[in-house]
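User: I am new to this structure and would like to understand the terms used for it. Could you take me through them one at a time?

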Amino acid sequence: MRLLAVLISAVLLCCQVVQAQIRTYDEMIAAGEMKVAVYKDFAPYSFEDAGQPRGVDVELAEALAKALGVHLKLIWAPAGEKLDDDLRDYIWRASQLHDLQLADLMMRVPYDQDYARKRNELGELENGHVVMFGPYQNEQWQVAYDRRRLESVGSVAVFEHHPIGVEVDSVPSFYLTSVFNGMLARQTHHYPGVPQAFAAMKAGEVDAVMAMRGEIDWQVHEAADPQLALAENAYPNMGKQLWEIGMAVHESNRQLAYAVEETLETLIREGSVKAIYARYGLRYDVPEMYQQ
């Protein structure tokens, strides 16, 4: 019984320590530093180049921190199996695996009301500790292809006869191996990531690559090869093909969300966000919220 009491006390003490790391907006301003979680090794959004942080999410976080009058501290977040895990580990509970680091703000979170309202088997909100807000990017699926081996992509049906590269266990992987009763599966080649798929296209192993538009734009920009083209085909039977990317804070820190959202709107309307994306060769469409 005494051992049980000791264990319970230890758990409660641990929870208190982690909870204490969730700072209010005023505490963050007083500290002069905003901790922002960005995904690790996720070019062109957040990555390191010769030891220097780069990426559109990194530069946007820097602009937000500067506007709020604080310094930026990046928390590099390896992607978990699910977004729910990432939100838990970096926004509201922390994880021993990541040194119990909690961020004030997390970048690249889907701005999706259905996802925000998702409930578990007990009827509880799965992400009730999190506020998702501030859409700053539209994202969609994109195919890039090599015109030396493929004249055009009028339809994904062309990949019954032309090999296409995708990241393993990704949405494009599941889509191309199942659409049209699986008739494209034989020509769908899997790689550890989008950079490796692009390298395979350069080597002639595949004639095209399918991934998120931002990743495709970046790879095409970096390749600087005029024979690489962007397809304009549709994706029949794919489901959701366009979505918005935003940010997240702890549900107790809505004041930070309001301050960031106000600053973000200014940066979008004055063209600063579009300029950040342009530096990485990415197209930029203003999210619907700011189009009026």
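**Terms and values**

Analyst: Of the 292 residues in the chain, 48% are buried, a word kept for a relative accessible area under 20%, with exposed meaning over 50% and partly exposed in between (1.4 Å probe, protein chains only). The model is predicted, so local features need pLDDT of at least 70 and side-chain atom pairs count only at pLDDT 80 or more, while totals for chains, interfaces and linings use all residues. Residues are numbered from 1 along each chain as its sequence is written, and side-chain values use heavy atoms, with hydrogens and water left out.

User: What makes Phe180 and Ala224 worth a remark, and how is each classed?

Analyst: Phe180, in helix α6, has a positive phi of about 55° although it is not a glycine, and its 28% relative accessibility is why Phe180 counts as partly exposed. Ala224 lies in the loop between α8 and β10 (228-230) and also is not a glycine, yet has a positive phi of about 50°; at 62% relative accessibility, Ala224 counts as exposed.

User: How do you know that the chain is as compact as a globular protein of that length?

Analyst: The secondary structure of the chain comes to 10 helices and 11 strands. The radius of gyration is 21 Å, close to the 19 Å that the globule rule gives for 292 residues, so the chain is as compact as a globular protein of that length; the radius is taken over C-alpha atoms, and the rule is 2.2 Å times the number of residues to the power 0.38.

User: What is called a cavity here, and how many are there of 30 Å³ or more?

Analyst: On a 1 Å grid over the protein atoms alone, a cavity is a set of points where a 1.4 Å probe fits but cannot get out, whereas a pocket is an open set with protein on both sides within 12 Å along at least five of seven lines, and lining residues have an atom within 4 Å of a point. By this rule there are 2 cavities of 30 Å³ or more. The largest cavity has a volume of about 60 Å³, a volume being the space filled by probe spheres set on the points, which are joined across faces, edges and corners. Its lining includes Ile22, Arg23 and His250.

User: What is the volume of the largest pocket, and which kinds of residue line the largest pocket?

Analyst: The largest pocket has a volume of about 1400 Å³. Its lining has 42 residues, of which Phe42, Ala79, Trp141, Val171 and Met212 lie nearest its centre. The lining of the largest pocket divides into 22 nonpolar, 5 polar and 15 charged residues, where Ala, Val, Leu, Ile, Met, Phe, Trp, Tyr, Cys and Pro count as nonpolar, Asp, Glu, Lys and Arg as charged, and the others, Gly among them, as polar.

Definitions and conventions:
Helix = DSSP H or I, 4+ residues; strand = E, 2+ residues; numbered from the N terminus.
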